[in-house]
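Let's take a walk through this structure together. Have the sequence and the 3D view at hand, and we will stop at a few places along the way.

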Amino acid sequence: MDNQDNQEHDPHFKIFHELMKFRVQEILLVSSPYDAYILEEDGSMASRIINEYNGLNLSRPPRITRTANAEQALELLAKQRFDLVVTMAHFNGMAGCEFGQKIKKLHPDIPIILLTHSVRDAITQTGLTDLFQRPCFDNSYTWCCDSSIMLALVKNAEDQRNVDHDTEKAMVRVILLVEDSPLHRSTLLPILYEELVQQTLAVLDEGLNEQHRLLKMRARPKILTAANYEEALFLFTRYRPYIFSVMSDVRFPRNGKESASAGYELLQTIRSQIHDLPLLMLSSEAGNRELAQQIPAVFIEKKPRGMAEELHDFFIHHLGFGDFIFRTPDGTEVGRAATLYAFEQQLGTIPVESLLYHARCNHFSNWVMARAEVSLAARLHKDRISDIHDCAILRQDLIAKVRTLRESRQQGVMTRFSNRYYDPEVTEFTRIGMGSVGGKARGIAFMASELHQAKYRQPLLKKFKNNTVKIPQTCVIAASGFNDFIQLNNLQPDEQRTDHDVEQQFLAGALPDWLLHDVRAYIKDIHYPLSVRSSSLLEDARYRPYAGLYHTCMLTNKAPDQADDFNWRLEQLIEAVKRVYASTWFESPRSYSRSIGQTRADAMAVIIQQAVGRQYGDFFYPAISGVAQSYNYYPVDPMQAEDGIVHLAAGFGKTVVEGEQSLRFCPAYPQHLPQFSTVEDMLNNAQRHFYCLPYSKNSKGAEPVGSMTLRQLEEAADEQGIQFLSSTYIPEEHRIRDSQIPGPKILTFAPLLKYEVYPLAALLEEILTLGREGMGCEVEIEFAVDLAENPAASVFYFLQIRPIVVGNELEQLRITEDEKKTAFLVSENALGFGRHTTMQNIIFIRPDSFDRAKTQEYAQLIGNINSKLHQQEEPYLLIGPGRWGTADPWLGIPVQWRNISGVGAIVELQDGAVRAEASQGSHFFQNITSLGIPYLMIREQEDWIDWKWLLAQERVSEQQGVCHVRLARPLILKVDGQNNQAIGIYE
């Protein structure tokens, strides 16, 4: 069926966005002042309807407009649109039936409901002896001080209008209620709707987020009403493929006359056509119970007390709501399942006789149908599985169908964590707690959704389609965890505390009970290594990324002593969460906040994510990791800025994000590698070490540095991942060959970039395009690849996305050749824009005294000067050799943000003292560019600094070659970001 195929190819039920198109939003209530007074006596009916909606978790309660007479009602109908007219029997101006007929003539599509105090009252006021000939009203109800009837008639009016569209579009089920008495119908309908909504909500709580729960609520069964035999049979015949249940009175009209057996005959007819359909006989006459047994049908006596409870039991035991109770044919219970997860597990263990019994009685299909899983219910229907005669194959078929649906439901969705429903084998992304999940987690969740939806887009992305792209299994502890932790432990931010003191204070605190309970439940079945990462509320925004300023902890998630495995793993995870929490109040993020004028208090969500990679001997790491940007700040021919840039490394991505040695390539030109232009370049610039996680029996620890080991490449030369990505240097020939022959190994990534054994470059192009289009701006992504022995089976893992800033074209200016002649600084590789005139201070490292072994000392000295200048709100120009912000002290100055928080512009010298590629791709570089801080590169051949002039300036201080100069007046820095030019002028 076409509609079934729609659901099978729409696993998140996006099709249900199109359901329930007609909603009652505006109600016109026509009543006498006396009836209005009665309605208001115990509180506003509108308020009660809103409370009913909130109580049942329904959305968009309608608005009620009141009027006291027919003429005013007709005037209102002429002026504005109403979705439903409810008229009381008593009002001034004209008879009720005449009023209804006038509205029908003018507005035939508006449902008109007669609301009376009694059936006799309705007949007296309308002059009708058979209200259900319906010449004036669409339906009639009696009311006695219970606003739930208003909710029922509103939902029933919606069901009547939506049923054709919704059944055709999504196979929505239909419950048929046959009742000719307005009094009984007014009692039954509110009970049925409340029960239906409550039971539907209960069974939809299987790990879906609130959006999907509300979305699937639109697929709840419709309730249609009939008042005589002919109407009931017509509705049954018309909606037969979708009928979920028939509930019928016994005594009602047939062929225009009241029949004492009409209901019995109707249910008999229906039973003869669908022998396993749940049928319910409702009657005020207890003697009809025997007739119900003959059909057979369930019997409930209409009585003031107990009817609601009996209807509840009918929903639970016959319509598939509640737990699925596995029984043998003799009624013995052999298992129970409350969720699809438990249902799938029980299918694998119940006795064969129970499996066959439920399959043949269609119980599986009915139970799944109650969960609005219509397509799965169709696949589990007895008619679809009756041709499977081998019990083992039948069991496997049922399990596979349920599992496929559960897996599809989790993809691209951030679900709510529940110990009852959580299944780590199929859950991709879950959240613990309430509140914000922070910027980083939002980006991951967004891209998870985008990656999933991309599978259904036309035209399909070719490389994306043919390769596995996913996010690692992820759990995020929302900000309520941090807030409750702070409150429980009475913690207060104190800028006088050191980072170490802050961390110790947090480690001494206790997690809230609810969070400890959920973390304990989560880690119980998680046995792979974990990355515990920050997701601050302020993190990864477009102009304030806070990149790399918070803690990340890597966990082996494997105890040295298997006897105490669970408690050890739990303690490590709790400690890691506390360390990430503590980093919220560290000096670097606080300094960054001061730099950007951020006054809002930060809060922290925590991402617990599957660490990507595999075990190689005693170590765990991904063969490939990297950072890709959709915009290249420093393109060289034939690259264009819009082609993007990738920084690639072996092992964990710490190598890239902390600015250490990695391979730089453009995804549009993967074989064009300026770093590897000659054999000498390859020997000098290739990655020599990488980060991995110790994974031996004795490995342990939650420290972000202590838990990751820096290994030399030659140590891992025989490990599959490194071996595959390496080439061999032949000293005798001074050549590098892309083959596995004896000799020193050079990490060239040639199988990926040169031979395209795995289409990494093309895949990154498509994913960057997806990210750019999704976020509406240039983006940076972090990724890792779990490289399989068969490269085609490798898995690309998306780890993070953030927007990046590429400049403001409206503020561009031009730099003339005459200006260059008078400048003390000229750069042809500049990033930024505008004219900067507030820097009167310059901090620089003297080239003649630079010592690569002292770069960490330089960072501390610069930090001391920065602290004073930042406090005085005096920005400065910073000049020094190599890569700023690198974690490798041999590649540049390893400053952290707190060391340069007041900087106004940065100059990176590439003058031979330190050889390092441009800094883009690191967290440091991301923070700098997002703040609009100009970043200039000075290369020997193209650019220059007038060192004679700079060294002649009077020093405020000089220590170990770190000089602080204060000029008599501010310098002028002009940056033309469009042409990547910049000059410094002192006039």
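**A buried arginine**

Arginine 533 is buried yet has no salt bridge; glutamate 782, the nearest side chain of opposite charge, is 4.1 Å away. Buried here means under 20% relative accessible area, against over 50% for exposed and partly exposed in between (1.4 Å probe, protein chains only). A salt bridge needs a side-chain nitrogen of Lys or Arg within 4 Å of a carboxyl oxygen of Asp or Glu, and for charge Lys and Arg count as positive, Asp and Glu as negative, with His and the chain ends not counted.

Before going further, note that this is a predicted model, where local features need pLDDT of at least 70 and side-chain atom pairs count only at pLDDT 80 or more, while totals for chains, interfaces and linings use all residues. Residues are numbered from 1 along each chain as its sequence is written, and side-chain values use heavy atoms, with hydrogens and water left out.

What does the side chain of arginine 533 reach? At 3.3 Å it meets the backbone oxygen of leucine 799, and it also makes a polar contact with the side chain of glutamine 800 at 2.5 Å. A polar contact is a pair of N or O atoms within 3.5 Å; within protein, one must be able to donate a hydrogen and the other to accept it, and residues adjacent in sequence count only if both atoms are side-chain atoms. Arginine 533 itself lies in strand S19 (residues 530–536). Strands (E, at least two residues) and helices (H or I, at least four) are DSSP runs, numbered from the N terminus.

Now let's turn to the nonpolar residues. The largest nonpolar core has 91 residues, and Val246, Met247 and Phe343 are among those with the most contacts inside it. Such a core is a set of buried Ala, Val, Leu, Ile, Met, Phe, Trp, Tyr and Cys residues joined through side-chain atoms within 4.5 Å. Helix H7 (residues 148–170) gives the most to this core, with 7 residues. A second, separate core has 69 residues, including Phe676 and Tyr695.

Our last stop is strand S40 (residues 935–939). Because 4 of its 5 residues are buried, S40 is largely enclosed by the rest of the structure. Strand S35 (residues 829–831) pairs with S40 in the antiparallel sense over 3 bridges, with alanine 830 opposite leucine 936. Strand S39 (residues 903–910) runs parallel to S40, joined by 5 bridges. Pairing requires that DSSP finds at least two bridges between two strands.
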